[in-house]
Amino acid sequence: MTRYLITSALPYINGIKHLGNLGGSMLPADVYARFLRQKGEDVLFICATDEHGTPAELAALEKNQDVETFCTEQHEIQKSIYQRFHLSFDHFGRSSSSQNAELTQHFCKKLMENGFIEERTIKQVYSVDDGRFLPDRYIVGTCPHCGYEAARGDQCENCTRVLDPTDLINPRSAVSGSSNLEIKDSKHLFLNLPAMESKLAAFIDEHEAEWPIVVTSIARKWLKEGLRERCITRDLKWGISVPKEGFEGKVFYVWFDAPIEYIGATAEWAEKDPEHRDWKSWWYDAKDVRYTEFMAKDNIPFHTIMFPATLFASGEPWKKVDYIKGFNWLTFYGGKFSTSQKRGIFTNQALDEFQPDFWRYWLMANTPENADSSFTFSSFAATINKDLNDVLGNFVNRVLKMTASKIGAAVPAGGEWTAVEKEFIQTLQKRVTDYTKYLSEMEFRKALTELRAIWVEGNNYLTAAAPWTVIKEDPEKAAMILRLALNVIRLYAVLSAPIIPETAEKIQKLLNLENAGYAWPKADLTEELQTLKAGHAFNVPEQPLFQKITPEAVTDLCARYGGNPDE
RNA sequence: CGCGGGAUGGAGCAGUCCGGUAGCUCGUCAGGCUCAUAACCUGAAGGUCGUGAGGUUCAAAUCCCACUCCCGCACCCA
């Protein structure tokens with residue numbers, strides 16, 4: 001049987017992530033993982049914090065902490081936020097783990113053995129006052145082409161020309177501002193990507209028809225422009241040390257070890273229960289594994305070119321990705337989420353405002369699958385109020401309350417399905433089939449449209465069956481209608497669980513089905529809709545499932561997070 | 001000519017790969033119902049698909065060409 005390996009792009013360690021990070025990789029990956037588990041598949045869902053690199057060092061510096069303490073703290077913060085969002089990682093690891101260090105060094109050795117690594121001496125800028133080498137982008141100075149005074153060492157943002165740090169006039173450190181800089185020779189390792197070109201091109205070709213356009217177009221662009229040898233080491237202290245003589249005090253480039261952490265995190269996972277878990281079976285010569293990666297578009301070059309190149313070059317049968325689900329950006333009122341401008345809402349803030357399912361639902365209904373999509377509080381409120389409150393919440397509420405008040409708080413007995421019921425079930429069946437198909441294909445927007453339509457069918461049926469009228473003339477028939485409606489509620493919990501797990505749980509509790517699980521329905525719903533038998537007691541809700549977001553709340557949120565209530 | 005992505009009723013989207021005169025959600029208007037969170041259900045109005053009295057075709061939102069506008073690629077950040 002196929003086993004499903006799922007990874008989400010690793011969130012970077014240097015701070016709490018915003019909604020876009022959540023909606024653009026971790027959350028859709030979670031929905032897919034949950035869906036497959038409900039279908040009874042063997043799933044391993046892996047994520048981790050990406051902890052190396054200069055930004056982590058600088059963020060730690062700013063907080064006056066040593067990098068390791070900083071990372072440990074930030075890792076815990078992020079981990080707890082994701083738990084609160086009910087992200088169902090089998091393991092949420094750390095790229096600074098010993099497992100990752102070991103694997104990264106292993107790959108480096110293999111690549112050296114196979115002749116894909118070259119050693120070169122390059123000139124690096126060293127800041128005497130900072131006591132460290134500075135990456136290109138942390139050197140600022142005057143652009144020799146246009147005279148712009150705040151040009152960075154890698155590119156001038158004014159004239160967009162690509163620069164070398166040594167081109168800059170009056171260079172200084174972006175960290176301290178010190179102009180006491182020296183150019184030093186430094187030995188580094190380069191990954192010979194050009195040697196991998198044909199193999200990578202074949203790899204992309206192989207998947208071209210299947211993968212999203214945003215993925216293949218970015219990958220092809222890189223190939224078309226020609227691959228260059230890529231430096232995979234850095235003059236930093238924080239990171240995975242390079243297992244080679246003469247490279248003491250140097251570490252791997254963060255983008256070299258980060259994807260390897262997918263494997264590393266799996267090893268971390270296995271180590272917690274070595275008796276029953278075998279990380280290698282998921283990654284090495286794993287022919288029965290289907291591997292899906294989730295990421296936003298900025299990550300695509302690393303996952304279509306760099307990481308596969310590493311795996312190919314090892315010469316070992318490491319598992320390569322089968323499907324890449326790539327996303328565009330989620331924007332905030334059409335613009336970028338911005339820390340410094342206080343634009344946008346961060347994951348911790350989001351949880352302080354509303355229950356996780358509100359966010360999960362909106363983000364999945366508006367996933368930037370084909371184009372960037374824009375978050376606005378008005379849209380958020382409208383979607384939550386309509387779909388979750390009026391359509392789903394109201395359906396659950398009206399059925400439970402009516403049954404309890406007219407008959408009693410248990411599934412009523414009597415009556416047989418009529419043509420109306422059979423037609424309703426057929427409609428549901430078709431929609432559930434489509435919904436299942438969309439989830440399997442990771443077509444999330446379409447899936448959510450379908451899920452909503454499934455909820456609407458319930459209300460539709462109630463209007464057609466009108467149990468509140470029927471009960472006066474034919475109590476048996478009314479009992480049958482409500483029995484079916486109660487079973488539909490249960491079905492909704494199962495179908496909604498991948499998207500809004502907390503709500504599914506609430507519904508199961510209302511139905512006294514707390515440990516019943518969420519096994520995905522079969523194609524034929526006949527049996528499924530008779531799961532709850534006559535006499536099965538349920539709880540009458542004191543409150544509806546959800547509460548609406550008022551216009552005043554929208555105004556308030558906009559004021560606090562930088563949005564426009566009219567948009 | 002830097003790269004990439006967009007442009008479809010008031011708003012947000014689908015349809016474009018495999019051409020055959022537009023579909024969904026919200027909003028608006030009208031009606032139905034009264035079990036339910038003034039919720040639910042039904043119907044209607046509203047677009048000729050960025051521009052070019054361009055090209056191909058019996059036929060184009062859908063293929064080809066030219067142009068225009070918008071958004072990312074620049075601190076923070078994905």
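Val 140 has Arg 172 in strand E8 as its bridge partner. This is a predicted model, in which local features need pLDDT of at least 70, side-chain atom pairs count only at pLDDT 80 or more, and totals for chains, interfaces and linings use all residues. Residues are numbered from 1 along each chain as its sequence is written, chains are lettered from A and ligands numbered from 1 in the order in which they are written, and side-chain values use heavy atoms, without hydrogens and water.

**Strand pairing.** Strands (E, at least two residues) and helices (H or I, at least four) are DSSP runs, numbered from the N terminus. Two strands pair if DSSP finds at least two bridges between them. Strand E6 (residues 139-142) runs antiparallel to E8 (residues 169-173), and 3 bridges join them. E6 also pairs with strand E7 (residues 151-152), again in the antiparallel sense, over 2 bridges. There, Gly 141 stands opposite Ala 151.

A residue is near a strand if one of its heavy atoms lies within 4 Å of it. RNA strand B is surrounded by 43 residues, and the closest are Lys 17, Asp 298, Trp 329, Lys 336 and Arg 398. Of the RNA atoms that come within 4 Å of the protein, 70% belong to sugar and phosphate. Helix H12 (377-406) and helix H14 (444-465) each supply at least two residues of this surface. H12 gives the most, with 10 residues.

| Residue | Atom of RNA strand B | Distance |
|---|---|---|
| His 18 | base nitrogen | 3.1 Å |
| Asn 394 | sugar or linking oxygen | 2.5 Å |
| Lys 401 | phosphate oxygen | 2.6 Å |

**A buried glutamate.** Glu 369 is found in the loop between helix H11 (356-365) and strand E16 (373-375). Its relative accessibility is 8%, so Glu 369 counts as buried. Buried means under 20% relative accessible area, exposed over 50%, and partly exposed in between, with a 1.4 Å probe and protein chains only. The side chain of Glu 369 makes a polar contact with the side chain of Lys 325 at 3.1 Å. The Glu 369 side chain also reaches the backbone nitrogen of Phe 444, at 2.6 Å.

Terms used. A polar contact is a pair of N or O atoms within 3.5 Å; within protein, one must be able to donate a hydrogen and the other to accept it, and residues adjacent in sequence count only if both atoms are side-chain atoms.
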